[in-house]
Every structure is written in structure tokens, then in C-alpha cells.
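New notebook page, new structure. I'll jot down what I looked up, roughly in the order I went.

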Amino acid sequence: MELMASFIYPQAILFPQVSLAKNFSYGQYPQMQILKYMGNKRRLLNWLVPLLEEYLDLGDTVLDLFAGTSSIGYAMKPKARIIANDIQGYSAVISRALLQFNEQIRENDFNDTLSKYYDKNLDQLTDIFGKAIEDEQRLVNKGSFDEYKKFFLKIPIYGRGVTSDEYKLAPYFSKQFIDKRRVAKKSFPYLLFAIYYSNTFFSLKQCAEIDSLRYAIDQISDKDKQALYLSCLMFAMSKAVNSSGHFAEYLNQNSLSAQDLLLKQRAISIVSEFQNKLLDFGNVYLQKRWENKVYNYDYKDLVKQMAKDGEINGVKLIYIDPPYTNAQYSRFYHIPETLVRYDYPTLTLDRAKTTPVKGGYRDDRYQSSFSHTSKVEEAFQEMFGIISSSTDATLAISYSDNSLLKPVDKLIEIASQYYEIIDKKNGYNHSAQGSRFKHNGRGNHIVNEYLLICKRK
Ligand SMILES: C[S@@+](CC[C@H](N)C(=O)[O-])C[C@H]1O[C@@H](n2cnc3c(N)ncnc32)[C@H](O)[C@@H]1O
């Protein structure tokens, strides 16, 4: 039996072109940021991965049940086979890119594969939005927020209409137009983002770039490569979005610094950021050693299905990293979800039921019980019950004291009804902003991260 702990990490073979300074900034494990993701484990890899590897032999299967941005799977894939799952569609796309794509990206990849389709869609959007985009770009470059603000009033905002339709765009924002698109989602030209998110989360030009890249990506038949391109596009969007990197709400511009930030964010070119990220992928060799898999299910359905068809018997370790806080991922990342689905979603309305809420959330978004104060305890009970009756795999559970179920001993108490807790690691402290927790004297609070290792009784 070949023990993982004594296995020499095969970076030289698997990631031969990696520039250490760029891609290994937090240590020895490979990582690739796609989204600024709440609760992601990229900064904890040096602490977490060796602890997980203690329970594995080379090539064993790890099931990452709440994979998010697959930081754990990507770091572990040189030594373990990974099955990743998450309920969010964008997560499955990221996992697919990081765990299943098995080629190298060439330097001229964008020009060779995407640019002609990108140009085709952009040309059509220029016919519709060209004059408005031209005026918008002139004002963004001029750097005068007051003038730019006046321009806002001439562009319709989806669900809210327009003050003065100087550019004659209102028909594209109408119910009739959207209803038609809902039955023929992939009609040409692609323009969902230009309708739903221009002048709020992104500029009109950025939306036209996103739509045109999305169109180009859909013309590629290789699904793993599509996932890689979509991941690059999510990365570009998270750089340009007018917020602090997530998509819960766009910022209000009621301070000079917010106005300045808005103009800077509006000046970001989506297509350049996309190409830069593609080149980043070109610098790492994404070779996989085993047939990794990616699922997009509620974890309960997946575990039951895997138990039914026997797939779960091949799993040695289940890594469990559920949501910790009351922030719903479907709210913070609804725009990547819509990018992936590209389905002209119905949006949640405000209390008066007349206008979409400011964040423009999908009405069908999934609400996790792990993020509900009144449901979280029951959610853990249910989870331990389902998993323990489906498999005798070891569980490794990430949790922190910055979490809804408090104290961590409560989690241990629930787990102990089904499992023997064979290890509890609290090796990692870091600071996070906020005032609800223990202060470290610098306006931050100290968060303790835990890893519980559970063996079935
Ligand atoms: C703390 S994050 C995981 C972060 C991940 N380890 C990383 O490094 O990016 C929790 C994840 O659980 C997912 N999730 C929430 N409820 C779920 C459910 N019932 N089934 C599957 N995934 C779920 C969320 O979409 C989110 O991506």
C-alpha cells in the first residue's frame, strides 16, 4: 500500500510550466482562483490538505460534497481521484474546468477558436447598442461621474423602465421581448446581460462583451473546454463587477470614493481579462491522473443515488464543507448562475410586487438550510443520518466558530450520535472583518477553523 504522506508531490510532472510565484502564493498546493468565493479554502490548503491526505492512499477517491470553487479538489487531484458536487450550476462548471479538462491551452487559443464567433455577436449588438456604448465609453474615459450619471437615465434598467429612451432601446427590455427569449433562450444575438445587468452590475459595453463571449463559448462542442472558457469569463466578471467581488448587490455611488471605484470598474475590459485568465490556464498543465467526476445535485440526492448504484462504495473520504453563515450562495453568486444557465430568469420582486429587488436575484434560487438559523441544527442531523446510512467512508468536516451552529461542540454533539470523532483539529486562526466576534484589537475578529474527522460507529 503506497501511503500518501510518503509520496513525493509530483508537481514537476503534473504542473511543469507553473510559475511558483504566481500560482503557489499560499504554499505548495496548486490553486486557481475563479471567483472571490465566500468560505473558499484556498488560504487553508497548506493546513487542510496534509490532514486530509493522512486518511488516503495514492489514487483513493475523495468525494467533495459541497465543492464550491473546487479549491480542495484542484489541490488534491495530483494524488487522489476527485468526485466534486455542489447544488450551484456555476460550481459544477468550475469543477469541470479544474478537475476534468485535460489539455494545454495554447497562446493563440482565443484567436483560433473564439474570436470569429465573438465578433459575430458583438457586431449585432453594436447595431443595437452601438451609439449608447460609444457615448458611455466617452464618459467613462472622461472620468466625470456626474455626466456618466446623466447617461444612466437614458438606458433602461430591466424591470424598472427608463427616464428618457434616447437610444430607442426600450423594446428590448419589454416583457414581450423577454417572453420570446424565454422560449428560445439561445436566439441570436445573445443579449441577456445587456438587458438584465447593464448600468447596474456592469457597463453596457461590458455586458455586450459578456454576451458575445457567452455566444462564442456555446459554439464550442467540447464540454470540458466550454467549462474552462466559462470559468475564465466568471473570473473576468468578478474583476469588473461593481461590488466587492461578489454579486449580491451593486454598490451605491453616494461617496466620492465609490464614484471613483465605479468609473475604474467600468473601464475594465471583460475580453482582455478573459484572455489573461486563459493565458493563466496556459501556464498550468491541467492534466488529470484519474477519471474525476463532477455532479450538480443537492448533496442528499447525490448520496442516496450513489448508494443505490454502488458508486459510493469506491469513496474513501468524504470532505464536507457546507455553508457556515446565513449568506445564501444563490444570492451572492446569482449572476454566475445566470451566466451558466443563460435562461432569462424571472426575478424576485420587491414587497410591492412591482419591481425586481435591487440585486436582481433569480426567483428560483436555492435556499440552503445550512444557512438558516432555525434550520441549521436539523440540517446537520439529517446530513449525518443520510451519509451514515449510505456509506462507511470517513468524513472530514470543515467548520469554524464564525458560523451559525454554535459552539462547534454542538456540531460534535450531533456528529457523535452517528460517528466516532477520531480527531478534531483547530490549527488555523485567521482574522475576518466584522464586530460580532472576538476582537484582535484591529477591528477584525479572530476566526478559528476546525477539521473534524469522523469514523462511522
Ligand atoms: C463553504 S462553500 C464550499 C467552499 C469550497 N470548499 C471552496 O473551497 O470553494 C459551501 C458550498 O455548499 C453549497 N451547498 C449549499 N447547500 C448545498 C446542498 N444542499 N447540496 C450541495 N451543495 C450545497 C454552496 O453552493 C457552496 O458552494
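I began with helix 6 (residues 109–142) and helix 7 (residues 145–152), which pack at an angle of about 160 degrees with their axes 8 Å apart. That makes helix 6 roughly antiparallel to helix 7.

Some ground rules before I go on. This is a predicted model, so I note that local features need pLDDT of at least 70 and side-chain atom pairs count only at pLDDT 80 or more, while totals for chains, interfaces and linings use all residues. Residues are numbered from 1 along each chain as its sequence is written. Helices (H or I, at least four residues) and strands (E, at least two) are DSSP runs, numbered from the N terminus. Axes are lines fitted to C-alpha atoms, for helices over the stretch in contact, and angles run from 0 to 180 degrees between N-to-C directions. Over 145 degrees counts as roughly antiparallel, under 35 as roughly parallel, 65 to 115 as roughly perpendicular and the rest as oblique.

Which residues meet here? From helix 6 I listed Asp135, Glu136, Leu139, Val140 and Lys142, and from helix 7 Glu147, Tyr148 and Phe151; contact means C-beta atoms, placed from the backbone, within 7 Å. By class, I have four nonpolar, no polar and four charged residues in this contact. (Ala, Val, Leu, Ile, Met, Phe, Trp, Tyr, Cys and Pro count as nonpolar, Asp, Glu, Lys and Arg as charged, and the others, Gly among them, as polar.)

Next pair: the axes of helix 10 (residues 204–218) and helix 11 (residues 223–240) come within 10 Å and cross at roughly 175 degrees. Helix 10 is therefore roughly antiparallel to helix 11. Among the contact residues I noted Ile210 and Leu213 of helix 10, and Leu230 and Leu233 of helix 11.

Then I went through the loops. Asn199 sits between helix 9 and helix 10, and has a positive phi of about 70 degrees although it is not a glycine. Is Asn199 buried or exposed? Buried, because 24 other C-beta atoms lie within 10 Å (20 or more is buried, 12 or fewer exposed, in between partly exposed, with C-beta atoms placed from the backbone). Tyr344 is not a glycine either, yet has a positive phi of about 45 degrees; Tyr344 is buried too, with 21 other C-beta atoms within 10 Å.

I also found a cis peptide bond joining Phe188 and Pro189, with omega about -5 degrees. Pro189 is in the loop between helix 8 and helix 9 (192–196).

How values were computed: Two residues are in contact if their C-beta atoms, placed from the backbone, lie within 7 Å.
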